[in-house]
Structures are given as C-alpha cells and as structure tokens.
Amino acid sequence: MSADRVREMTAFSYLMANLKWLIFGAQADRKGRRLADNAERGQSSGPMVYYRRNFEEDYNAASAMLKGRMNARYPDSYHARLGGGGNNSYNYGDKRSQAVDTASTAIAHALRAGATAHQAAEAGAASIGI
C-alpha cells in the first residue's frame, strides 16, 4: 500500500470519526442537559438523582448529635493518664481524626441512602464503635 493511500484512509477515518461524534455526541449532550434540567426542576421520571435537598443541614445536625459522644471517646486534646514515671499525657489526635473521617463517611452514605439525621448519626456512631 502506498503512503498516499494510507494518508487518504487516515484522513477519511478521521473525518468519519468526527462526523459520528458530531451526530451522536451532540444528541447525547442534549439528552444529558435535558435530564439535568428536569432533575433540578424536580421533574425527573427516572431514579432520584438528589435524595435530599437539605443534605447539608441534615449532615450538620447528624454531626452535632454525634459530637458529644465523639468528645467522650476521643478527647480533642491531651489528657493525663494514671501511672508512674515519664510523660503521662496521651494525644488522641490521630485516633480522633481517623474516627471523624470514618464517621463522616458513614453519615454521608446514610443520608444519601435516605436516612434521617438521627439515623445517620447512629450510623456514624456504629461505624466507629461508639
């Protein structure tokens, strides 16, 4: 096959690919925009895209419910330990940050699944064992 023939096929393939993208890609883009607009107006006929409109409020409420229990289990500062000799303080910072991350993830998953703020707080507590 000559170099000119290969160049023609490459140009032809390139043009065909762009033509297909223009036809089918534009249709998919329009459909996606239409679905998003319908979901924002609450007119979506498909599965719910947004389970809650007040996710942030529910998340903050669940976090506040869990905060007291977290503070009791994972203090926010150094605390003295009983015992003799050496440094008797213990820093809960690492354990607390891991617990906060785990509980936050559990709260978010529960709220996205349709749980109430109280149920989400309980899910967060269960995820860290308190």
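This is a predicted model: local features need pLDDT of at least 70, side-chain atom pairs count only at pLDDT 80 or more; totals for chains, interfaces and linings use all residues.

**Entry 1: α2 with α3.** I began with how these helices cross, and the crossing of α2 and α3 is right-handed. Next I listed who makes the contact. From α2 I noted F55, D58, Y59, A62, S63, L66, M70 and N71. From α3 I noted R96, A99, V100, A103, S104, I107, A108, L111 and R112. Sorted by class, the contact of α2 with α3 has 11 nonpolar, three polar and three charged residues.

**Entry 2: α2 with α4.** I then turned to the other partner of α2. Helix α2 spans residues 55–73 and helix α4 spans residues 117–128. Their axes lie 8 Å apart, and the helices pack at an angle of about 35 degrees. This crossing is right-handed. On the α2 side, I found D58, A61, A62, M65, L66, R69, M70 and R73 in the contact. On the α4 side, I found A117, H118, A120, A121, E122, G124, A125 and I128. The classes here come to 10 nonpolar, two polar and four charged residues.

**Entry 3: I128.** Is I128 buried or exposed? I128 has a relative accessible area of 12%, and because buried means under 20%, I128 counts as buried. I128 sits in helix α4. Which residues does I128 touch, leaving out those up to four places away in sequence? I wrote down M70, R73, Y74, A99, T102 and A103. I also checked A99 against I128: they are 29 residues apart in sequence, yet their C-alpha atoms are 6.0 Å apart in space.

**Entry 4: the largest pocket.** Last, I looked for open space. The largest pocket has a volume of about 150 Å³. Which residues line the largest pocket? My list reads S63, L66, K67, M70, R96, V100, A103, S104 and I107. The elements giving two or more residues to this lining are α2 and α3, the latter covering 93–112. The largest share, five residues, comes from α3. By class, the lining divides into five nonpolar, two polar and two charged residues.

**Entry 5: a name that kept coming back.** Looking over my pages, I saw M70 again and again. M70 is in the contact of α2 with α3, in the contact of α2 with α4, among the residues that I128 touches, and in the lining of the largest pocket.

Technical notes. Residues are numbered from 1 along each chain as its sequence is written. Side-chain values use heavy atoms; hydrogens and water are left out. Axes are lines fitted to C-alpha atoms, for helices over the stretch in contact, and angles run from 0 to 180 degrees between N-to-C directions. Helices (H or I, at least four residues) and strands (E, at least two) are DSSP runs, numbered from the N terminus. A crossing is left-handed if the near helix is turned anticlockwise from the far one by less than a right angle, and right-handed if clockwise. Contact means heavy atoms within 4.5 Å. Ala, Val, Leu, Ile, Met, Phe, Trp, Tyr, Cys and Pro count as nonpolar, Asp, Glu, Lys and Arg as charged, and the others, Gly among them, as polar. On a 1 Å grid over the protein atoms alone, a cavity is a set of points where a 1.4 Å probe fits but cannot get out, and a pocket is an open set with protein on both sides within 12 Å along at least five of seven lines; lining residues have an atom within 4 Å of a point. Grid points are joined across faces, edges and corners, and a volume is the space filled by probe spheres set on the points. Buried means under 20% relative accessible area, exposed over 50%, partly exposed in between (1.4 Å probe, protein chains only).
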